[in-house]
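Reader: I am new to this structure. Please show me how to read it, one feature at a time.

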Amino acid sequence: MRFDTEEMLKILACPRCIGSLQTLSEDGVATGFACENCSVVYPIRDDIPVMLIDESVPRKDWDAGVRQVSAG
Ligand SMILES: [Zn+2]
């Protein structure tokens, strides 16, 4: 499924600070939207951006390979 991140970025904002987001991608596939202000990443799962504060991954964890917050 084609996923137009540029279009998504026009309507998406960080739910925490309402700031603009930066697309993160791996091998040309968008994997998340990062908020520089909050230093968190909102993951894209099955082509669906998960724009929930509770589901956001700290940027340092994301860069270390973490793709979802731990349950506990
Ligand atoms: Zn933010």
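Reader: What percentage of the 72 residues in the chain do buried residues make up?

Author: This is a predicted model, so every value here is computed from predicted atoms. Burial is read by counting neighbours: a residue is buried if 20 or more other C-beta atoms lie within 10 Å of its own, and exposed if 12 or fewer do. In this chain, buried residues make up 21% of the 72 residues.

Reader: What does the C-alpha trace span along its principal axes?

Author: The spans are about 35 × 25 × 15 Å. Of the contacts with a separation of 6 or more, 20% are between residues 24 or more positions apart.

Reader: Which residues form the largest nonpolar core?

Author: A core is read as a set of buried nonpolar residues joined to one another. The largest one here has ten residues: Cys-14, Leu-21, Phe-33, Ala-34, Cys-35, Val-40, Val-41, Tyr-42, Val-57 and Trp-62. Strands β2 (29–35) and β3 (40–45) each supply at least two residues of this core.

Reader: How do I read the pairing of strands, and how many bridges join β1 to β2?

Author: Look at the direction of the two strands, then count the bridges. Strands β1 and β2 run antiparallel and are joined by five bridges. Within this pair, Glu-26 stands opposite Val-29 in β2. The hairpin has two residues between the strands, and there Asp-27 takes a positive phi near 55 degrees.

Reader: Which strands pair with β3?

Author: Take them in turn. β2 pairs with β3 in the antiparallel sense, over four bridges. Four residues lie between the strands of that hairpin, where Ser-39 has a positive phi near 55 degrees. β4 is joined to β3 by two bridges, and the two run antiparallel. Opposite Ile-44 stands Pro-49 in β4. Strand β5 (residues 57–58) also runs antiparallel to β3, with two bridges. There, Val-57 is the bridge partner of Val-41.

Reader: Is β3 enclosed or open, and why?

Author: Count the buried residues along the strand. In β3, five of the six residues are buried, so the strand is largely enclosed by the rest of the structure. Now try β1 (residues 22–26): the count of buried residues among its five residues is zero, and the strand is hardly covered.

Reader: Where does Ile-18 lie, and what is its phi?

Author: Ile-18 has a positive phi of about 60 degrees, although it is not a glycine. Ile-18 sits in the loop between α1 (5–11) and β1. Ile-18 is exposed, with 9 other C-beta atoms within 10 Å.

Reader: And Asp-46: is it buried or exposed?

Author: Asp-46 is exposed, because it has 6 other C-beta atoms within 10 Å. Asp-46 is found in the loop between β3 and β4 (48–49). Its phi is positive, near 55 degrees, in a residue other than glycine. The hairpin of β3 and β4 has two residues between the strands.

Conventions: Residues are numbered from 1 along each chain as its sequence is written. This is a predicted model: local features need pLDDT of at least 70, side-chain atom pairs count only at pLDDT 80 or more; totals for chains, interfaces and linings use all residues. Two residues are in contact if their C-beta atoms, placed from the backbone, lie within 7 Å. A nonpolar core is a set of buried Ala, Val, Leu, Ile, Met, Phe, Trp, Tyr and Cys residues joined through C-beta atoms within 7 Å. Two strands pair if DSSP finds at least two bridges between them.
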